[in-house]
Amino acid sequence: MILDELVQSTRRNMQARQKVLNIDALMRQVATIPLNKNFLFEKKLAADSLSIIAEVKKASPSKGVLVNHFSYMQIAEEYAAAGATAISVLTEKDHFQGNLKFLQEIAASTSTPLLRKDFTIDPYMIYEAKANGASIILLIVAILTNQQLKSFLRLANTLGMSAIVEVHNKNEIDRALAAHARIIGINNRNLKTFDVSLQTTIQLQKYVPSNVLLISESGIKKKQDISKLKQAGVNGVLIGEYLMHSTNKKALITSLRKVDHLD
Ligand SMILES: O=C(O)c1ccccc1NCC(=O)[C@H](O)[C@H](O)COP(=O)(O)O
């Protein structure tokens with residue numbers, strides 16, 4: 001199964017980075033960053049009628065290479081200029097051709113909250129996210145124990161970071177809620193078959209209480225998808241491929257932000 005392979009390669013790559021920068025040195029680096037606990041992303045997510053989290057994505061296991069000319073700085077600039085609530089930056093190397101350096105460089109050029117999009121399996125990766133300018137991390141319930149979920153959420157909070165807790169079914173929603181997730185991301189992509197269906201969000205949203213922020217992830221390909229998800233009551237949508245294929249990303253986000261639930 002792809003998730004097992006993703007976790008294995010994530011562990012291998014993390015261990016290689018740990019040989020260059022050990023956890024103690026990384027923590028000392030993080031300690032020099034001023035602590036900001038304003039959780040801007042969560043405030044915006046709660047306040048906006050529908051937040052767009054725009055993803056910087058070069059390649060994926062399901063689609064291979066999405067774009068040959070990958071100008072990640074320009075892409076991030078367009079996302080920020082269009083008013084994306086946050087920018088998701090893939091940092092996984094082997095399957096998404098991501099890189100921590102993309103996150104670090106984008107962070108130096110924008111004040112838009114940044115999500116480190118990766119397969120978080122160890123506190124080391126949360127410190128790395130912080131050190132490289134992210135204010136949001138992704139925690140995928142399917143690859144974590146309940147104990148890890150709780151302790152990773154606690155660590156993120158201590159560092160002033162938000163966490164999107166990603167789920168695929170009701171059992172995972174229950175586990176996310178038991179760990180006190182403040183933001184749940186329902187992934188519409190079935191990670192066994194790669195099939196994508198917005199019905200996943202539409203069917204599962206009723207299990208997410210109204211005091212928990214809700215994001216719908218993956219498979220958004222047209223304006224009507226946004227209006228459907230708005231109608232289902234989500235606070236935000238995470239969009240990768242649709243934006244990466246657009247030749248005018250700023251105009252596309254601007255128009256998606258205007259979509260009404262009746263459109
Ligand atoms: O995108 C994939 O093929 C994929 C495969 C296996 C695990 C995760 C995967 N994607 C990560 C994501 O969560 C998406 O990049 C993100 O939700 C945006 O999805 P999309 O709009 O469909 O590009």
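The shell around the ligand divides into seven nonpolar, six polar and five charged residues. Here Ala, Val, Leu, Ile, Met, Phe, Trp, Tyr, Cys and Pro count as nonpolar, Asp, Glu, Lys and Arg as charged, and the others, Gly among them, as polar. This is a predicted model, in which local features need pLDDT of at least 70, side-chain atom pairs count only at pLDDT 80 or more, and totals for chains, interfaces and linings use all residues. Residues are numbered from 1 along each chain as its sequence is written.

**Around the ligand**

- Of the 18 residues around the ligand, the ones that come nearest are Ser-60, Ser-62, Ser-218, Gly-240 and Glu-241. A residue is near a molecule or strand if its C-beta atom, placed from the backbone, lies within 6 Å of it.
- Two elements give two or more residues to this shell: strand E10 (236-239) and helix H11 (241-244). Helices (H or I, at least four residues) and strands (E, at least two) are DSSP runs, numbered from the N terminus.

**Confidence and annotation**

- The chain averages a pLDDT of 97, and 99% of the residues score at least 70. pLDDT is the predictor's confidence in each residue, from 0 to 100.
- Where pLDDT is low, the predicted coordinates should not be read in detail.
- The model scores are ipTM 0.98 and pTM 0.97.
- An unreviewed UniProt entry carries the annotation "domain: Indole-3-glycerol phosphate synthase" for residues 3-255. UniProt positions are given in the numbering used here, feature names are shortened, and annotations may be inferred rather than shown by experiment.
- Residues 3-255 are 43% helix and 17% strand, and the end C-alpha atoms of this span lie 34 Å apart.

**The barrel**

- Eight strands form a closed barrel in the order E1-E4-E5-E6-E7-E8-E9-E10, with parallel pairing. Neighbouring strands of this sheet are turned by 25 degrees against each other on average, direction ignored. For such angles, axes are lines fitted to C-alpha atoms, for helices over the stretch in contact, and angles run from 0 to 180 degrees between N-to-C directions.
- Strands of a sheet pair through backbone hydrogen bonds, either parallel or antiparallel. Two strands are said to pair if DSSP finds at least two bridges between them.
- E1 pairs with E10 in the parallel sense over four bridges, and Ala-54 stands opposite Ile-239 in E10.
- E1 is also joined to strand E4 (residues 86-90) by four bridges, again running parallel; Ile-53 stands opposite Ala-86 in E4.
- Ser-88 stands opposite Leu-115 in E5.
- Strand E9 (residues 213-217) and E10 run parallel and are joined by three bridges. The bridge partner of Ser-216 in E10 is Val-237.

**Buried strands**

- Six of the six residues of strand E1 (residues 51-56) are buried, so E1 is largely enclosed by the rest of the structure. A residue is buried if 20 or more other C-beta atoms lie within 10 Å of its own, exposed if 12 or fewer, and partly exposed in between, with C-beta atoms placed from the backbone.
- Ser-51, Ile-53 and Glu-55 point one way from E1, while Ile-52, Ala-54 and Val-56 point the other way, and all are buried.
- E10 is covered on both faces, with Gly-236 and Leu-238 buried on one side and Val-237 and Ile-239 buried on the other.

**Residues worth a look**

- Ser-218 sits in the loop between E9 and helix H10 (223-231). Ser-218 is buried, with 26 other C-beta atoms within 10 Å, and its phi is near 80 degrees, a positive value in a residue other than glycine.
- Phe-194 also has a positive phi, about 70 degrees, although it is not a glycine. Phe-194 is found in the loop between strand E8 (183-187) and helix H9 (199-204), and it counts as partly exposed because it has 13 C-beta neighbours inside 10 Å.
- Ala-31 belongs to helix H2 (residues 23-31) and counts as exposed, with 9 C-beta neighbours inside 10 Å. The C-alpha atoms of Ala-31 and Ala-131 are 100 residues apart along the chain but separated by 9.1 Å.
- Lys-43 lies in helix H3 (residues 40-47) and counts as partly exposed, with 13 C-beta neighbours inside 10 Å. Lys-43 and Glu-55 are twelve residues apart in sequence and 20 Å apart in space, C-alpha to C-alpha.
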